[in-house]
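Open the structure in your viewer and keep the selection tool at hand. Each stop says what to select and what is there.

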Amino acid sequence: MSTVSPAVKIGLRFLGIWSDVSYSTIYWLSFMSSMLVIQYFQYMYIFEHLRISELSNLVDGLPMTLEYSLTFLKLTILWIQRRILHKILASMDNDWHECINTDHHLCIMTIKANISHFISNAILSFTAIVAALYFLGEYAIRFVLLTENYNDTLRQLPLKLQFPFESQQSPIFEVLTVTIFLHLMLHACTVAILNGLIFTLVLHTSGQIDIICQEFKNISEKTLLQGSLASSFGMLIKRHNRVISFSKNIEQLFSFIALMQVLWNTLVICSIGFFLIVSIHNEASVFVLVKTVFAYCVIMVEAFIICFAGEHLSLKGKLIANATYETLWYDMPVNTEKILMFIIMRSQKRLTITAGKMIDMSFETFANIMKASASYISVLNAMY
């Protein structure tokens, strides 16, 4: 068993970020080069249509351009800090090797691994389906409603791109459409894999914390009589230190990624909100409004994932202090009680994921993002 699901493992191998992958640099450079090409033509489109008369069309293409840029930055950060990721993966393997010798430890970690696999597969499937429906929906609507009036001037690519050559003629248009759609699906799967990785690491930490809490509950009067209390607490303290070190590595790996997530999501939400208000006041079609709301929901889900991971990690870290206090500390020697006090004091320091070491990624942060986006849309609607 492994906490990392096969889908996430295959995705990280494809991206060249997984440890012990042959030609990992070639894999990473190939994918990043393809993203750079797409980004170049995306920003060419933005600069080409940077005028007031085409503002709605510009804002329609801006969210996906920013989303590509965010993914590019995430992969760059992971590549720069891949040694930290390899260290985290090695620590996870060591934890699993230790769990094999104890049945209830193995049971706890197996449950966490099953949850991790389910969530990772669900995120990957949901993201792929949503991406396919989002980018194919417009073609389906046109096929149903505009079949009689369909011509080359109505044909659009899945992304807003500006090519330096004629792209509307067959078979160039068909080849570009299929290529861009496949790259869009690959990009969506990449986003899902990165989100699944965050959940995987947090759930692995959660499993280790559950093992520590379970061991604290197992400390009984029998343990006191046998005189093995010092060795038991020594093993728990060592495991607690490993959990703290593991969470610090997660924080170091995802801190800047979380900061970029917050900043980019704010920009995307602002552009989507502006486009939504313009569409409402210009009496745009229902499909345009549904597409805009759909894009807004997808962006908020992506922000919710990392905020949920940070909140779950913080709540789990507090459980160690509670489990320590619930032990039979009143029957223990004074020196042992002092050890428990240090454990409780250290457990009160939160295990969390921060955005650039400035903001804790939690439900409160997510609520603030929601309130800020709602306030922006409300003010924009009043001023329009």
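What follows is a short tour of a predicted model.

**Stop 1: a surface patch**

Select Tyr 23, Ile 26 and Tyr 27. Together they make a nonpolar surface patch of about 360 Å². Tyr 23 sits in the loop between α1 (6-15) and α2 (24-48). Is Tyr 23 buried or exposed? Tyr 23 counts as exposed, because its relative accessibility is 61% and the cut-off for exposed is over 50%.

**Stop 2: two crossing helices**

Two packed helices are described by the angle between their axes and the distance between the axes. Select helix α4 (residues 82-99) and helix α6 (residues 172-218). Their axes come within 12 Å and cross at roughly 40°. The crossing of α4 past α6 is left-handed.

Which residues meet here? Show the side chains on both helices. From α4 come Leu 85, Ile 88, Met 92, Asp 95, Trp 96 and Cys 99. From α6 come Leu 197, Thr 200, Leu 201, His 204, Gln 208 and Ile 211.

**Stop 3: a buried serine**

Go to helix α9 (residues 286-325) and pick Ser 314. Ser 314 counts as buried, because its relative accessibility is 3% and buried means under 20%. What does Ser 314 touch, leaving aside its neighbours within four places in sequence? Ser 314 is in contact with Arg 350, Leu 351 and Thr 352.

Ser 314 and Val 202 are 112 residues apart in sequence. In space, their C-alpha atoms are 10.0 Å apart.

**Stop 4: salt bridges**

Side chains of opposite charge can pair when their charged atoms come close. How many salt bridges does the structure hold? There are eight. The tour visits some of them.

Glu 302 lies in helix α9 and Lys 74 in helix α3 (residues 55-80), so the pair ties together parts that are 228 residues apart in sequence. Colour both by accessibility. Glu 302 is buried, with a relative accessible area of 6%. Lys 74 is buried too, at 5%.

Next, select Arg 242 and Glu 98. They form a salt bridge, and the closest N and O atoms are 2.8 Å apart. Arg 242 is in helix α8 (residues 229-281) and Glu 98 is in helix α4, 144 residues apart, so to speak of this pair is to speak of a link between distant parts of the chain. Arg 242 is partly exposed, with a relative accessible area of 33%. Glu 98 is partly exposed as well, at 34%.

Stay in α8 and select Glu 251 with Lys 357. This is a salt bridge whose closest N and O atoms are 3.5 Å apart. Glu 251 lies in helix α8, and Lys 357 lies in the loop between β1 (354-355) and β2 (359-360), so the pair ties together parts that are 106 residues apart in sequence. Are these two buried or exposed? Glu 251 is buried, with a relative accessible area of 9%, whereas Lys 357 counts as exposed at 64% relative accessibility.

Notes
Residues are numbered from 1 along each chain as its sequence is written. This is a predicted model: local features need pLDDT of at least 70, side-chain atom pairs count only at pLDDT 80 or more; totals for chains, interfaces and linings use all residues. Side-chain values use heavy atoms; hydrogens and water are left out. Patches are made of residues with over 30% relative accessible area and no salt bridge: like charges are joined within 9 Å, nonpolar side chains (Val, Leu, Ile, Met, Phe, Trp, Tyr) within 5 Å. Accessible areas come from the Shrake-Rupley method with a 1.4 Å probe; for residues, only the protein chains shown count as cover. A salt bridge is a side-chain nitrogen of Lys or Arg within 4 Å of a carboxyl oxygen of Asp or Glu. Helices (H or I, at least four residues) and strands (E, at least two) are DSSP runs, numbered from the N terminus. Buried means under 20% relative accessible area, exposed over 50%, partly exposed in between (1.4 Å probe, protein chains only). Axes are lines fitted to C-alpha atoms, for helices over the stretch in contact, and angles run from 0 to 180 degrees between N-to-C directions. A crossing is left-handed if the near helix is turned anticlockwise from the far one by less than a right angle, and right-handed if clockwise. Contact means heavy atoms within 4.5 Å.
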